[in-house]
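Welcome! Here is a protein chain to explore together, step by step, with the picture beside you.

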Amino acid sequence: TLSKEIRIGTKMVTWDSKFKLILFTSHRHVEEIPDELYVRVNVVDVSSSSYEAMRHILNNTFIEFFDSINLPRLSESLRMEMECRVSQEKHEKNILESIADAVATLQTNPNFDFLSDEETMRDINQSKELYFSAVERYQTFESNKGDVSKITQPYAMTIDMLMIVWKAISRYLVKLNKFNSVSYAAFATVISNALQMPGVAKPMNNEQQYNLSILIISQILNWIFPSISFGDSIVLMFVIQFLRLENNEKVTQNDLDVVLRHLTDELNSSVDLTSNEIGIGDPFEHLKFANIKNIFSFVQRFISEMFGNEFQNTIPIFQVENIISQNASMPTLIVSNKNKNCSDLIQQYISTKTRGDNFEPISFYDSPEFVKNARKVIITAMSRGTRILLHISMKSTEASSLISDIYQTMLTTSLHTNFRLIISCTSNCIDCIPHKLIENSRKLRFDQFPSIRHNMLQIYHH
C-alpha cells in the first residue's frame, strides 16, 4: 500500500492509519473551537459523567474511611455497571456494523442474498445473542443496585453537601477566572485529610452528618481561599449557599436569573440615599429588587445563614511565608492584579532565607535570546538547588512555551530537593500558564483586600 505523508509545519511525516487524535477542552470553551476543525471532529460532551465521577470518588473515600470492609463490594459494583454498559453498547454496535456491511455488499452486488449468507447471518445472530445477554445482565445489576446504595446511605447527606461545593468550584468559580481551576485529586485529598482530623466519628444521624459536612467544607474553603481573590471568595460562598437551598427545593435557577439580571441593572444605576430598605425577611428575595447601596449587606446576610456572621474573617490575606511549595516538583503560582506586583516582596523574603547564589530572579521579556538563556538558567537551577522567581507581566506565546517546557522537565527529571520554581504573573497573563501547571501548583492570590483592617494587617506582616 502507498504511504501517505502530511505536512506539520515545515516537516513531512508519514501518516500511520492507527493514529488517533483526541482533543480535550472545557465545556465553556466549545464555542471557541474553529469551524474548520469543528466540522471534522466528533464532539463528545462528558461534563455530566465527569461530575458523577466525583461522586464515585467521594463514595470510595467515605467507605474506605468509615466502612472499609464494604469497599471491595462498592468497587465491584462500579466495575460491573461499567462492564454491562460497555458490553451492551459494543454488541449493539456490532449488529449495526454487520447490517451496514450487508447493505454495502448488496449495493455493489444486487444478486447478494445476505439471508442465505452463512457468515453474515452468523455474525448478526452472534452479536444479537451477546447483546440481549448484556441487556439481561444490566437489568439484573439495576435490580440489585438498591442493595449496594445502602452502603453509602449513612453518608449520603454529607456527600451531597460536598458535591454542592464541588459543583460551585468546578462549574461556577472557574468561570470567573481560569486561575480558579482545581483538580479532582486535589479536592479529594483535602476531603480525605479532613476525615483524619481528631473527633471525626462515624455519622449516625442528620445532625452529625451536617456537622461533619460543615467541618469538611471549612477545610475546603481554607484550602482554596488563598488561591482566589476576595471577590471570588464571596461569590463562591454565595453560590454554595444558593445551591444548598436549590438542593432543598427552596429556590430555583429562575430565582438566581432574576437576581443576576437585577444586579446587572443596578451595576451602573444611581444610589438612592432617600429610601431605607427594611432588613428583615429573606435576604435572597431582597436581592431581586434592592438598591445598589444595600446589595452587599443582603449578600452578607445570605452567606451568613450558612457560614456565620464572621465569615469574612475566614478569608485570609496574602502571606509571603506560604510561597515555598512542599516539594521541588510542585511550582508556586502567584497571581496579582495589574499594577499590584508582589515580586519585590517575594524577592526580599527569599533573600533573607537563602544565600545570594541560591536565588535567581528572572523578569520575562519576549526575546528568543532571552528565552534561550532563561531556559538554560532554570535547567541548571534544577540540579544546583537554586530557587527561581520568574515574573511575567505580558501575554506571550514564548512565555507559554518556556513555562510548558520547564514544567514538563520538572515532571520527568530528577530535581535537587532545594529547587523551587516560583512564577509571579498578573491576571491578564494567566492564559500563558499551562492548565496542568495551574491545577497542580501551589496557588496564591496577591489581592488588596477591600478593608482598612486587612490592609493594615498586610503592612504589619510585611
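In which helix is Glu 266 found? Glu 266 is found in helix α9, which covers residues 253-267. Before we look around it, a word on where everything comes from. This is a predicted model, in which local features need pLDDT of at least 70 and side-chain atom pairs count only at pLDDT 80 or more, while totals for chains, interfaces and linings use all residues. Residues are numbered from 1 along each chain as its sequence is written, and side-chain values use heavy atoms, with hydrogens and water left out.

## A buried charge

Glu 266 is buried yet has no salt bridge. Buried means under 20% relative accessible area, exposed means over 50%, and partly exposed lies in between (1.4 Å probe, protein chains only). A salt bridge is a side-chain nitrogen of Lys or Arg within 4 Å of a carboxyl oxygen of Asp or Glu. For Glu 266, the nearest side chain of opposite charge is Lys 293, 10 Å away. Here Lys and Arg count as positive and Asp and Glu as negative, with His and the chain ends not counted. Which residues does Glu 266 touch, leaving aside its neighbours within four places in sequence? Glu 266 is in contact with Ala 290, Asn 291, Ile 292 and Ile 295, where contact means heavy atoms within 4.5 Å.

## The whole chain

Now step back. The chain has 16 helices and seven strands; these are DSSP runs numbered from the N terminus, with helices (H or I) of at least four residues and strands (E) of at least two. Along its principal axes, the C-alpha trace spans about 90 × 65 × 50 Å. Of the 462 residues, 38% count as buried. Take the contacts between residues at least 6 apart in sequence: 75% of them join residues at least 24 apart. The chain exposes about 27,200 Å², and carbon and sulfur atoms supply 52% of that area. Accessible areas come from the Shrake-Rupley method with a 1.4 Å probe, and for residues only the protein chains shown count as cover.

## Salt bridges

How many salt bridges does the count come to? The count comes to six.

| Pair | Closest N and O atoms |
|---|---|
| Asp 160 and Arg 55 | 3.0 Å |
| Asp 255 and Lys 288 | 2.9 Å |

With 17% relative accessibility, Asp 255 counts as buried.

The pair of Lys 395 and Asp 431 joins two loops: Lys 395 lies between β5 (387-392) and α14 (397-412), and Asp 431 lies between β6 (420-426) and α15 (435-440), so parts 36 residues apart in sequence are tied together. Lys 395 counts as exposed at 52% relative accessibility, whereas Asp 431 is partly exposed at 48%.

Salt bridges that share partners also join Glu 52, Arg 55 and Asp 160 into one network. Within it, Asp 160 forms its salt bridge with Arg 55. Asp 160 lies in helix α5 (residues 156-176) and Arg 55 in helix α2 (residues 47-66), so the pair ties together parts that are 105 residues apart in sequence. Asp 160 is partly exposed, with a relative accessible area of 30%, and Arg 55 is partly exposed at 24%.

## Patches on the surface

Patches are made of residues with over 30% relative accessible area and no salt bridge; like charges are joined within 9 Å, and nonpolar side chains (Val, Leu, Ile, Met, Phe, Trp, Tyr) within 5 Å. A nonpolar patch of about 1,100 Å² includes Ile 6, Trp 15, Phe 19 and Tyr 38. β1 (4-8), β2 (11-15) and α1 (35-38) each supply at least two of its residues. Trp 15 is in strand β2 and is partly exposed, with a relative accessible area of 38%.

Which residues gather in a patch of negative charge? They are Glu 97, Asp 101, Glu 119 and Asp 123. Helices α3 (71-108) and α4 (118-152) are the elements that give two or more residues to this patch. Asp 101 lies in α3 and is exposed, with a relative accessible area of 52%.

## One last stop

Leu 221 is found in helix α7 (residues 206-224). Is Leu 221 buried or exposed? Leu 221 counts as buried, at 5% relative accessibility. Leaving aside neighbours within four places in sequence, its contacts are Pro 226, Leu 236, Met 237, Ile 240 and Phe 307.

Methods. The place of a charge is taken as NZ of Lys, CZ of Arg, CG of Asp or CD of Glu.
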